[in-house]
Amino acid sequence: MSGHPFTRVVHGFVFVGLMSGVVMQGACSASTDTRLQPADTIIRGGTVYDGSAGAPVSADVVVSGDRIVYVGPEARMRYTAPAVVDASGMIVAPGFIDAHTHPDTYVRSKDAKERLNAPWLFQGVSTLMIGVDGGGTPDVADEAAWFGQHHMGTNLAPYVGFGPVRKKVLGMAARAPDPQELEGMQALVAKGMCEGAFGFSTGLFYAPQSFSKTDEVVALAREAAMRGGIYDSHQRDESSYTIGLVASTKEALAIGREAGLPVHIAHIKALGVDVHGESGELIALIDAARRAGQEVTADQYPWLASGTSLGAALLPRWAVAGGRPALLRRLADAATRDRIRSEVRENLRRRGGSESLLLTSSGQPWTGKTLQQVATTWQVDPVEAALRLVQENKRVQVASFNMDDADVKRLMQQPWVITSSDGNDGHPRQYATFPKKYAKYVRNTGTIDLGAFIHRSTGLSAETLGLEKRGYLREGYFADVLVFDPERFAPKADYTHPRVLSEGVVDLWVNGRKVIADGSLTGAAPGRFLLHTPTAGTCSP
Ligand SMILES: [Zn+2]
């Protein structure tokens, strides 16, 4: 445990014998008050980025209980603590906030060790937004109760999602709701918001959410708007599948305007060869909306491949209406299969061809192969290989190389773009997003500077998402505190080895308790299930 070259933890650091003489009380300055206040931890002498966009300062951070009690130059004159961490040469920042991610296999595990959520802790992440892409349950209170019993390493903050809401009322039906069904869905969104969701999340790209029209989404988003939530959206089209990227972004903005709530665009990108270069248009559109007074933000992951399922990437949505049994029936019918084949061929072209899809589901003979390699092995064309994979497996995970680095950089430089991992199994972004952004885009290419990287992964994230008293190193804020080594903070996972922990996080506290000490897990699980407070008077008691 000890012997890390960069951090020294001194236990039993206590000043005694300073109580002689007169202790001044009242309005005197601290310099004349020799009484040292007890605290739990003093993090001394690091370069402190407090989560704002301001310049760093050399300062100490003092933690007591679950809060930060002091940030400034003279902790030793004011506080005594059993643990003092020497952070000289290190960066001290708020714990990172992952604005969009999928940690279910970890945080919902029966194994307490898995629930420490190590892939995120080793990236310096202390809080994760869940229920994204429209996936969040309306039963937020049940979730809170479950996580109250099953402790985790990181904080989690939930959205109520369109997917479970629509499925519960309409199943997989590809039609609009009738007035009663719409009311039923509104009641479910209201329930989620009243139980503490931070907003209404959608994934309009995915079935059955893709079957909705804009007005349906507006009606549901209003339920979040009146309760102080935000609208988070994996938009209808990030590419050229249906309405196109620009029209899809316009739809997201219109939903925010009409429902009256902030719009947050999830994992903003220009996906596929047809829309490469359209990031400039997106930026112009969003900047114009912001200038007109609309609240619009986005999050982004720093990778050139997205991660999704083979089915979602390639199958037309009409082919999956009615669910998997209906899909299998359609694939078994020769004429329908031909129609599906031609649309799959077109979708494959959009995504850059069969070489650009890497199969990442674990434990399969084809794991780690491209769709082209599988097709060659099976001696069929890539479209046929894709259909066979979809038929034989419930879910085939892919890394889809479909982004242009110029778009990624241009979007990253916008002051309204915060960091997210979109972390899911089989893609290195689950293990390495924050260090990847730091190593590639801060250190190597200078796309953004360190202050911007930290601000847009902490303070701005907390403000955007509505996470109260988080995201900043300030007195009274929750003590989610990260110490990382600027020389060593780096990703270790890559596309062929996606499950390797990142390096360079030296210490990490969540709610005042240390989860990483000297680069190793402590085993503590102090994460909390965070709940949003709905606007007063909008929920019946
Ligand atoms: Zn998504």
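**Zinc site, strands and cores**

Reader: What makes the arrangement around the zinc ion irregular?

Author: In this predicted model, the four donor atoms subtend angles of 55 to 149° at the zinc ion.

Reader: How do you know which protein atoms are donors of the zinc ion?

Author: The cut-off for zinc is 2.8 Å, and the protein donors lie 2.1 to 2.6 Å from the ion. They are D133 (OD), D133 (OD), H234 (ND1) and H267 (NE2), with the spacing D-x100-H-x32-H along the chain. D133, in the loop between strand 10 and helix 4, and H267, in the loop between strand 15 and helix 9, are 134 residues apart. Both D133 and H267 are buried.

Reader: Why are strand 4 and strand 5 called paired?

Author: Pairing requires at least two bridges; strand 4 (residues 57-64) and strand 5 (residues 67-72) have five, in the antiparallel sense. These strands therefore count as paired. One of the bridges joins V63 to I68 in strand 5. The two strands form a hairpin with two residues between them, and G65 in the turn has a positive phi of about 60°.

Reader: What makes up the largest nonpolar core, and which core lies apart from it?

Author: The largest nonpolar core has 86 residues; F96, F200, Y231, L450, F453, I454 and F484 touch the most other members. Apart from it lies another core of 25 residues, including V320, L359, L371 and V390.

Notes
Residues are numbered from 1 along each chain as its sequence is written. This is a predicted model: local features need pLDDT of at least 70, side-chain atom pairs count only at pLDDT 80 or more; totals for chains, interfaces and linings use all residues. Side-chain values use heavy atoms; hydrogens and water are left out. A nonpolar core is a set of buried Ala, Val, Leu, Ile, Met, Phe, Trp, Tyr and Cys residues joined through side-chain atoms within 4.5 Å. Buried means under 20% relative accessible area, exposed over 50%, partly exposed in between (1.4 Å probe, protein chains only). Donors are N, O and S atoms within 2.8 Å of the metal (3.2 Å for Na, K and Ca); water is not among the atoms, so sites may look incomplete. Four donors count as tetrahedral if all angles lie between 85 and 135 degrees; four count as square planar and six as octahedral if opposite donors are over 155 degrees apart and all others between 65 and 115; anything else is irregular. Helices (H or I, at least four residues) and strands (E, at least two) are DSSP runs, numbered from the N terminus.
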